[in-house]
Amino acid sequence: MQILDTGGPEADARVDVAIVGGGPGGLTAALYLARFRRTVALIDANQSRAAKIARSHNVPGFPEGIAGATLLASLRSQLAPYPVRTVMATVERVEREADGFRVRWGSGDVRARLLLLATGVTDIAPAMPHLLEALRTGALRYCPVCDGYEVIDRAVGVFADGPAGVAEAVYLRHFSADVVLFMEGGARALAPAERERLARAGIACPEEPVRSIRHWNDRVTVVHGERETRRDALYCALGVDVHAHLARALGATTREGGYVAVDAHHASDVDGLYAIGDVAQGLNQIAVAAGGAAVAASAMHRRLGTRGMPVAPAGHPRPGAAP
């Protein structure tokens, strides 16, 4: 585990907010809170899902698209001038205290009045060699909401192990007339109604189980039974692992799929605990995470009130005070 602590004036003191997770949501929340003059500790395991995005074309403000790693570097650079304590480490546990929370990693910890989780999700990857190269070239994809536009009129495949693959294949049918759903256990794993839905949409689903998936020349070959089918892009619909364990350890409620249940201000049902981005909802979009960060940071700032605000120098009335 790499630990890099930037220190700063709050390195040994309680902070207003501790943020766990350094993806687009966590970094945006840290920026907002720092500009609200709140003391912030950001603990980043450097495992953001965004870092694996070869190029995103639906992040506002980037006409040519932007690589996920480049976006993260830009957000970190934007945050750098502010006095945010940044720790590159994996949080091992969080605990409730009388006046907030304690966040622990390795041999370090921080105490905070409020806690924001931006811990995200991890895509469940298919078993295939050269996985990262397939992602880099766009032959393997995870998010049709993000990049369905990029596969318009191309040969598209969906790999799944359950009925969620049917919904994803039908969703992608809007972008291409050539969509094939490959079920890990073959089409027999689907209910008759699901197979009928595919047929109505004009989506093929081979009967044979998938034997292997390989990447070659920027295309993906799926071997099913004794046959092979080549696709320009293969979407993996095996689901995600939601990183909500810290919230559950504090007693927070999770919803279907394992997402942290939050209100309109991104507050959980544990007092002082907030969650944003992929850990709190399934749309898995950078813009959604950043928007949630703005909402949560604003709510947390209001929740903290005037506590810790600068005191007017002696002999100088506060602004607006009567003479």
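The model is predicted: local features need pLDDT of at least 70, side-chain atom pairs count only at pLDDT 80 or more, and totals for chains, interfaces and linings use all residues. Residues are numbered from 1 along each chain as its sequence is written, and side-chain values use heavy atoms, without hydrogens and water.

**Terms**

- Helices (H or I, at least four residues) and strands (E, at least two) are DSSP runs, numbered from the N terminus.
- Axes are lines fitted to C-alpha atoms, for helices over the stretch in contact; angles run from 0 to 180 degrees between N-to-C directions.

**H1 with H2**

- Helix H1 (residues 24-35) and helix H2 (residues 68-79) have axes that come within 10 Å and cross at roughly 15°.
- H1 is therefore roughly parallel to H2 (angles under 35 degrees).
- Their crossing is left-handed (the near helix is turned anticlockwise from the far one by less than a right angle; clockwise is right-handed).
- From H1, Pro24, Leu27, Thr28, Ala30 and Leu31 meet Leu72, Leu75, Arg76, Gln78 and Leu79 of H2.
- By class, this contact of H1 with H2 has seven nonpolar, two polar and one charged residues (Ala, Val, Leu, Ile, Met, Phe, Trp, Tyr, Cys and Pro are nonpolar; Asp, Glu, Lys and Arg are charged; the others, Gly among them, are polar).

**H1 with H8**

- H1 also packs with helix H8 (residues 286-304), at about 35° and with axes 8 Å apart.
- The crossing of H1 and H8 is right-handed.
- H1 makes this contact (heavy atoms within 4.5 Å) through Pro24, Gly25, Thr28, Ala29, Tyr32 and Leu33.
- H8 contributes Ile286, Ala289, Ala290, Ala293, Ala294, Ala297 and Met300.
- The classes in the contact of H1 with H8 are 11 nonpolar, two polar and no charged residues.

**H5 with H6**

- H5 (164-172) and helix H6 (residues 192-201) pack at about 10°, with axes 10 Å apart.
- That makes H5 roughly parallel to H6.
- Val166, Ala167, Ala169 and Val170 of H5 touch Glu194, Arg197, Leu198 and Ala201 of H6.
- Six nonpolar, no polar and two charged residues form the contact of H5 with H6.

**Second largest pocket**

- The second largest pocket has a volume of about 500 Å³ (the space filled by probe spheres set on grid points, which are joined across faces, edges and corners).
- A pocket is an open set of points on a 1 Å grid over the protein atoms alone, where a 1.4 Å probe fits, with protein on both sides within 12 Å along at least five of seven lines; lining residues have an atom within 4 Å of a point.
- Its lining has 21 residues, and Tyr142, Pro144, Glu168, Gly282 and Asn284 lie nearest its centre.
- Helix H4 (144-147), H5 and strand S14 (233-237) each supply at least two lining residues.
- H5 gives the largest share of the lining, four residues.
- The lining divides into 14 nonpolar, three polar and four charged residues.

How values were computed: Parallel < 35°, antiparallel > 145°, perpendicular 65-115°, else oblique.
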